[in-house]
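Welcome! Take a moment to look at the protein shown here, and then let us walk through a few of its parts together.

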Amino acid sequence: MNCAEARPLLDACLDGELDLVHDVAVEQHLETCVACRARRDRTIAMTTLLRARVPRPPAPTALRERVQAAIRAEMPTDDAVATKIVPMRTRPPAMPWIAVAAGIAVLLGFAFALLPTQSQSEGLAPLFADALNSHRRAIIAGPLVAVASSDRHTVKPWLAARLDFSPPVLDLAAAGFPLVGGRLDYVGQRPVAALVYQRRDHRIEVFVSPAEGESTPAWSARDGFRMSHWTHSGMRFVAISDLSEPEIREFVERLRAGEAS
Ligand SMILES: [Zn+2]
């Protein structure tokens, strides 16, 4: 793949929208091409900046009223139909369209309530793509763990000695997710602690790095992997696994419950 072929695919690659063949081809090109890598990094920086700086205000009342007015403006058609069918005096009261408008307004309210989560997930696409690539590389090429231990008192100091932060390391063996070990990785344009847990023959990886803010898990799925991102107590967590959805959700909840205490 050359630059002319790679560049139109860069955004889709970051958004996790490419099939595996194209994804691998773009990644391979990026590994050898400084110019395209710079272009990708600028896009990631821009996305990160926009996500951090652009405010996400709630839907204003005026907008809701405009939507309701627009709905009312559309109603004469129905009224006209009603007039043709039903004589004026027996025309039903205007309640139905108010109910319809109210229903739509409620739906719009839900849609706007969901917006932050959706845009959050969209903004996280580059990070999720990066995490998935790192996870796959580690599984295919190894080593998945550089410090192999189920003892968090071994894994945590090993990581802390090699990073400029000390990641929280939990042992979730009692919950059925034993710790396997950890390694260093580079995800989201910074060194991260990679913690590896296990359930049966499935691996669960958690990338941990410092980050501001508090957020509940945002989810994404791609190529049979499920990924979750959340921030808590000055740390960003990205969990990734090919576990079933209920199991990876249980893992994330156990981890969040443990790290919260
Ligand atoms: Zn190139």
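## The zinc site

Along the chain, the donors of the zinc ion follow the spacing C-x25-H-x3-C-x2-C. These protein donors are C3 (SG), H29 (NE2), C33 (SG) and C36 (SG), lying 2.0 to 2.3 Å from the zinc ion. Donors here are N, O and S atoms within 2.8 Å of the metal (3.2 Å for Na, K and Ca), and sites may look incomplete because water is not among the atoms.

Helices (H or I, at least four residues) and strands (E, at least two) are DSSP runs, numbered from the N terminus. C3 counts as partly exposed at 30% relative accessibility, whereas C33 is buried at 10%. Buried means under 20% relative accessible area, exposed over 50%, and partly exposed in between (1.4 Å probe, protein chains only).

## How to read the model

This is a predicted model, in which local features need pLDDT of at least 70 and side-chain atom pairs count only at pLDDT 80 or more, while totals for chains, interfaces and linings use all residues. Residues are numbered from 1 along each chain as its sequence is written, and side-chain values use heavy atoms, with hydrogens and water left out.

## Two sides of helix 9

Which residues of helix 9 (residues 152–162) are buried? They are V155, W158 and L159. They cover an arc of only 95° around the axis, which puts them on the same side of helix 9; the arc is that of the directions from the helix axis to the C-beta atoms. The face turned away from this buried side carries the exposed residues H153 and A161.

The buried residues of helix 9 pack against strand 1 (147–148), strand 2 (179–186) and strand 3 (191–199). At the N-terminal end, D151 caps helix 9, with a side-chain oxygen 2.9 Å from the backbone nitrogen of H153.

## A buried glutamate

E205 is found in strand 4 (residues 202–210) and counts as buried, at 0% relative accessibility. Leaving aside neighbours within four places in sequence, E205 is in contact (heavy atoms within 4.5 Å) with several residues, among them H135, R183 and I240.

Definitions and conventions:
A polar contact is a pair of N or O atoms within 3.5 Å; within protein, one must be able to donate a hydrogen and the other to accept it, and residues adjacent in sequence count only if both atoms are side-chain atoms.
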